[in-house]
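Here are my notes on this model, as numbered points. Please read them with the structure open.

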Protein chains: 2
Amino acid sequence: MRRSKVYIALLHYPMYNKNMDIITTSITNLDLHDIARAARTYDVEGMYIVHPSPNQHKLAGEILAYWQEGYGGKYNNDRQEAFRLLRLVGDLPAVTEAIKLETGQDAVVVATDARPYSDTVKYRDLRSDILETDRSYLILFGTGWGIARELLSQCDRILEPIAGTSEYNHLSVRSAVSIILDRLLGEAWYNI
Amino acid sequence: MRRSKVYIALLHYPMYNKNMDIITTSITNLDLHDIARAARTYDVEGMYIVHPSPNQHKLAGEILAYWQEGYGGKYNNDRQEAFRLLRLVGDLPAVTEAIKLETGQDAVVVATDARPYSDTVKYRDLRSDILETDRSYLILFGTGWGIARELLSQCDRILEPIAGTSEYNHLSVRSAVSIILDRLLGEAWYNI
């Protein structure tokens, strides 16, 4: 039984683009669907969509309303159940404040990135911390070409990158979230 | 070091819909992108997109050409590298024949499904078979509401479903492929 509460956030700013400029990415419909379904599967407490632009909030708000309260949710109840986890906010402090209000404690903020950084936390260690301590964890996922270094340096921990079997490390954020939730929160299939 | 060759196939017929009717699903652009990127990350030998309809082949063929040879591939070389794994065929026998031609042996055909079936193979066992024997494996992924039972019953093995931490088992096929490739072919993060 997991003792910690786990939240995830999908960030759209400050991200890198291909040329390592700092940019704001757009909200992508399928990110919401795929990541909400994975979050629900692994019993995540909440999934924050973080974007600074009111226009993007309007767009994402319409998608959320369709699946949370509108026809989409009636037609596909499983999708509605996943979309219930989604919350739309403007910046990272709004996420950490909401979690503090909900849990009464500061969340341990864990960034994820495909690039190697020094002092990253290993999957096995973070997994046992989550399972065995009474804390709140917030796991951050980036879009575009990844989370800007300045924001990464403010996080409590950085999770080691996913190493596949090749030098190629260009998973979609949808794949990365799925694999990371499975490693941190999934059944211990390797022991069964 | 992995000793077996591993191929994957994304099937669009015969699938179930929500009401358990047998249907043909459509090819989805983002399935190609996300699954090709995951396949490349985990060093899969080839990824077959299987669809019976010539119209869908035309559509998918245009997407493939854009990323394999056209502007997309020039602009984003990583994507081109992933798309090189993609092959478009009409049915499952075309996949198994192509693999036999390439490897000189019949592939062990492993179906995946979110539903529980009896006599499923465990992740740990399939992983060690793939790592330690000199064979070819073809892992089948369904779309819609899953692969029709008649086809499942013709496969050599059925892989056990992904159990998350809840009763909810509605991952996208993009998430399911990513998690299954990570469990079967990824680094042994749980031992490190």
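1. Start with Met20(A). Met20(A) counts as partly exposed because its relative accessible area is 43%, and the cut-offs for that class are 20% and 50%. Keep in mind that this is a predicted model. Met20(A) sits in the loop between β2 and β3 (22-23) of chain A. Its phi is near 65°, a positive value in a residue that is not glycine.

2. Now turn to chain B. Met20(B) also has a positive phi, near 65°, and is not a glycine. Its place is the loop between β2 and β3 (22-23) of chain B. With 43% relative accessible area, Met20(B) is partly exposed.

3. Check the cis peptide bonds. In chain A, one joins Tyr13(A) to Pro14(A), with omega at about -10°. Pro14(A) belongs to the loop between β1 (5-11) and β2 (15-16) of chain A. In chain B, the bond from Tyr13(B) to Pro14(B) is cis, and omega is near -10°. Pro14(B) lies in the loop between β1 (5-11) and β2 (15-16) of chain B.

4. How much area is buried between chain A and chain B? About 4,200 Å², with 52% of that area coming from carbon and sulfur atoms. Thr41(A), Tyr168(A) and Trp189(A) supply 18% of what chain A buries against chain B, more than any other three residues. Chain A brings 43 residues to the contact, and chain B brings 43 residues.

5. Look at the polar side of this interface. There are 33 residue pairs in polar contact across it, counting pairs with both residues at pLDDT 80 or more. Six salt bridges also cross between chain A and chain B. Asp182(A) and Arg183(B) meet through their side chains in a salt bridge, at 2.6 Å from N to O.

6. Which elements of chain A give two or more residues to the side that touches chain B? They are α1 (29-41), α4 (77-83), α6 (123-132) and α8 (173-185). The element α8(A) gives the most, with seven residues.

7. Is Ser136(B) buried or exposed? Ser136(B) is buried, because its relative accessibility is 1% and the limit for buried is under 20%. Ser136(B) is in strand β7 (residues 136-141) of chain B. Leaving out residues up to four places away in sequence, Ser136(B) touches several residues, including Lys5(B), Ile99(B), Asp106(B) and Val108(B).

8. Follow the side chain of Ser136(B) to Thr103(B). The two side chains are joined by a polar contact of 3.3 Å. Thr103(B) lies in helix α5 (residues 92-103) of chain B. Thr103(B) counts as partly exposed, at 23% relative accessibility. Its side chain also reaches the backbone oxygen of Gln105(B), at 3.2 Å. Beyond its neighbours within four places in sequence, Thr103(B) contacts Lys5(B), Tyr7(B) and Ser136(B). Thr103(B) and Arg135(B) are 32 residues apart in sequence, yet their C-alpha atoms are 8.8 Å apart in space.

9. Finish on the surface of chain A. Tyr66(A), Tyr71(A) and Tyr75(A) form a nonpolar patch there, with about 350 Å² of accessible area together. Tyr75(A) is in helix α3 (residues 71-75) of chain A. At 43% relative accessibility, Tyr75(A) is partly exposed.

Key:
Residues are numbered from 1 along each chain as its sequence is written. Chains are lettered from A and ligands numbered from 1 in the order in which they are written. This is a predicted model: local features need pLDDT of at least 70, side-chain atom pairs count only at pLDDT 80 or more; totals for chains, interfaces and linings use all residues. Side-chain values use heavy atoms; hydrogens and water are left out. Patches are made of residues with over 30% relative accessible area and no salt bridge: like charges are joined within 9 Å, nonpolar side chains (Val, Leu, Ile, Met, Phe, Trp, Tyr) within 5 Å. Accessible areas come from the Shrake-Rupley method with a 1.4 Å probe; for residues, only the protein chains shown count as cover. A salt bridge is a side-chain nitrogen of Lys or Arg within 4 Å of a carboxyl oxygen of Asp or Glu. Helices (H or I, at least four residues) and strands (E, at least two) are DSSP runs, numbered from the N terminus. Buried means under 20% relative accessible area, exposed over 50%, partly exposed in between (1.4 Å probe, protein chains only). Contact means heavy atoms within 4.5 Å. A polar contact is a pair of N or O atoms within 3.5 Å; within protein, one must be able to donate a hydrogen and the other to accept it, and residues adjacent in sequence count only if both atoms are side-chain atoms. Buried area is the accessible area (1.4 Å probe) that two parts lose on being put together, summed over both.
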